[in-house]
Amino acid sequence: MSRARVLAMPGPELAAWREARAADGSPLPEPARDGTQEAVTLEVEGVAVGGALLELTPDVGGTRCSVRVLQTTLPRDADEHWAAAVAALEAHGRGLGAAVLVVGVAPELARVFTAAGFLATMTGIGKRLDPGSAPELQEDRRVAVRPMTREERERYVVDVRGLLTDGMERAGVVSPAAGRNEELEERLARVSLDPPPEDEMLMVAEVDGTPVGRAWGTFVERDGALDFLGHSIDLFPEHRGQGLTKSFLGALRRHAHEVGVRDVHLRVYGHAESARRTFVAAGAGVGDVHLRKELD
């Protein structure tokens with residue numbers, strides 16, 4: 001069995017890592033408002049194979065250790081080495097006093113973490129909108145979309161707070177007793193403005209003029225192009241089971257294409273397997289998988 005260790009990264013190595021990441025356009029993330037960070041070197045069989053940026057934040061019942069960045073030279077099919085590396089990260093997290101370890105990895109690595117007892121909390125989904133395929137973005141055109149009215153936005157802010165909180169708790173993204181989610185509240189405060197910021201998309205889905213669902217996402221400029229980050233999409237309970245989801249997604253994709261979106265990105269909760277299958281069947285690819293493990 002492979003042996004692995006996690007060691008504190010020396011200052012000069014950390015400075016070089018920061019500089020290299022910044023030059024590549026993917027700088028190391030800044031710590032969260034209530035977080036502290038530690039950079040570590042990952043060693044397998046006595047050889048340094050990369051590094052990780054860990055962040056400790058308060059969590060219900062203890063401390064959460066998040067692997068903010070994991071950058072190694074280990075091949076993704078080197079399961080034995082990865083298993084040892086995962087075990088070393090767990091041991092280091094326990095040594096820091098963490099009760100929970102969370103990490104986001106490429107889909108090819110999810111099996112190694114799952115075998116080590118991690119549970120998938122979210123899956124990152126992405127799709128590029130190819131202008132050449134725009135006429136085919138929506139074959140089923142039963143569903144049309146339009147912007148929410150002020151009254152609809154006011155109701156939506158209340159409803160989506162519950163939807164997202166329940167989803168995050170069920171997926172294990174947050175603990176049920178965590179209380180107020182400041183990041184979510186800041187987002188909701190933006191969409192509560194009248195009018196809402198231009199980079200927020202708040203849409204109602206309709207069939208023959210009857211509202212059947214809602215969607216919320218944010219437009220983000222990246223590399224000189226416009227991307228779309230989806231936060232929530234839901235059909236009203238009385239309109240579920242009618243095969244409207246694919247048509248709803250098509251209407252949203254067509255709208256996004258019309259406003260010039262290049263890439264669409266979504267986060268799907270780990271327990272929402274049917275939703276993940278629907279998005280993948282619509283041509284989306286899986287970018288990463290976020291996982292969580294209780295360390296106690």
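I began just after H2, where Gly97 takes a positive phi of about 85°. My helices (H or I, at least four residues) and strands (E, at least two) are DSSP runs, numbered from the N terminus.

I am working on a predicted model, so I note its limits: local features need pLDDT of at least 70, side-chain atom pairs count only at pLDDT 80 or more, and totals for chains, interfaces and linings use all residues. Residues are numbered from 1 along each chain as its sequence is written, and side-chain values use heavy atoms, with hydrogens and water left out.

**Helix H2.** I went back to the helix itself. H2 covers residues 79-95, 17 residues in total. From first C-alpha to last it reaches 24 Å, close to the 24 Å expected at 1.5 Å a residue. I take the expected span as 1.5 Å times one less than the number of residues. I then listed the buried positions (under 20% relative accessible area, 1.4 Å probe, protein chains only). In H2 they are Trp82, Ala84, Ala85, Val86, Ala88, Leu89, Glu90, His92 and Gly93.

**Helix H6.** I repeated the check on residues 245-258. The 14 residues of H6 should span 20 Å at 1.5 Å a residue, and the end C-alpha atoms are 20 Å apart, which agrees. Buried here are Ser247, Phe248, Leu249, Gly250, Ala251, Leu252, Arg253 and Ala256. After H6 comes Gly260, with a positive phi near 95°.

**Glu43.** Glu43 counts as buried because its relative accessibility is 15%. I searched for its contacts (heavy atoms within 4.5 Å). Leaving out residues up to four places away in sequence, Glu43 touches Arg3, Ala4, Arg5, Leu7 and Ala48.

**Whole chain.** I finished with the totals. The protein chain has 7 helices and 12 strands. Of its 296 residues, 44% count as buried. Among contacts with a separation of 6 or more, 69% join residues 24 or more positions apart. I computed the radius of gyration over C-alpha atoms and used the globule rule of 2.2 Å times the number of residues to the power 0.38. The chain has 21 Å; a compact globule of 296 residues would have a value near 19 Å, which agrees. Along the principal axes, the C-alpha atoms fill a box of roughly 65 × 45 × 35 Å.

Note on methods
Buried < 20%, exposed > 50% of the residue type's maximum accessible area, 1.4 Å probe, protein only.
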